[in-house]
Amino acid sequence: MNKLFYIFLFFFCLNAFGQDSLSVNKTDTTVVAQKFSEKDILIDTTKIKSLSFPDYKKKYNDPDFNYETKVKEKSAWERFKEWLAYWYNKIFSIGNEGASKTAIELILKILAVIIILIVIYLIVKAIMNDEGRWVFGKPSDKKVIHYDEIEKNLHLVDFEKLIKEAVKTGESRLVIRYYYLWLLKKLAAKEIIEWDAEKTNSDYLYEIKNEKLRNDFAYLSYLYNYIWYGEFELEEETLSKAIQSFEKTIKTL
């Protein structure tokens, strides 16, 4: 009985307290509404200045600010070296990709050095032979490109044919050169002299025993030295007289 009384009393007090609270809140809201009106609302008329941000892409275009890693595309040469390294590794069973690449790099460098040396050798060889003298020599040297070969094979050369070709091209000095070599060929064939490319005109002169032939040879040697080595260009009349002198002596052999 007492317990029922206390429970009834608890709910009664709780209900009374709740009504008082609602009445107070309602009263407060009414008071606030009566105290403030629409005229009391302040409107902010301050002008707002717009701000602009700088172009950060231009400011931060340094590679240090680039956080995107781009894989560099391999060139054809790099792919070729990787292909060589792959087969090198496969053939010799090295088992180390890095070692194979290093070996291929070394082999390619050695091959490059060998190729460069071969090219240098060919250039030097071209400079040292007759063709090289034609490239770097005087204009008159252009006519002596094959003279060494002619002198080495003097007994096989058809000088009459060479002389006709030189006359057609108007190379008067070359005509005299061929006549002189033709004379030496005839003297050697008759065993009057002993042909040697290293001998001088004076050496041949002392070998000739016939006095008249020696005098003729001395005169023809003078013409040859003066015209050929002196680079003396002949007029038509002078060339004709020189040719007649050479042919006269050659016919006597």
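A residue is called partly exposed when its relative accessible area lies between the buried range, under 20%, and the exposed range, over 50%. Lys-199 is therefore partly exposed, because its relative accessible area is 23%. In this predicted model, Lys-199 forms a salt bridge with Glu-207, and the closest N and O atoms of the two are 2.5 Å apart. Glu-207 is likewise partly exposed, at 22%.

In general, side chains of opposite charge can pair when their charged atoms come close. The count of salt bridges in the model comes to four. One of them joins the side chains of Lys-81 and Glu-105, with an N to O distance of 2.7 Å. This pair links distant parts of the chain, 24 residues apart: Lys-81 belongs to helix α3 (residues 76-92), and Glu-105 to helix α4 (residues 97-128). The burial of the two partners is worth a look as well. Lys-81 has a relative accessible area of 17% and so is buried, whereas Glu-105, at 33%, is partly exposed.

Lys-212 is exposed, with a relative accessible area of 56%, while Asp-216 counts as partly exposed at 25%.

With a relative accessibility of 7%, Ser-221 counts as buried. Neighbours within four places in sequence aside, Ser-221 is in contact with Tyr-180 and Asn-201.

Notes. Residues numbered from 1 in each chain as written. Predicted model: local features only at pLDDT ≥ 70, side-chain atom pairs only at ≥ 80, totals over all residues. Heavy atoms only, no water. Buried < 20%, exposed > 50% of the residue type's maximum accessible area, 1.4 Å probe, protein only. Contact = heavy atoms within 4.5 Å. Helix = DSSP H or I, 4+ residues; strand = E, 2+ residues; numbered from the N terminus.
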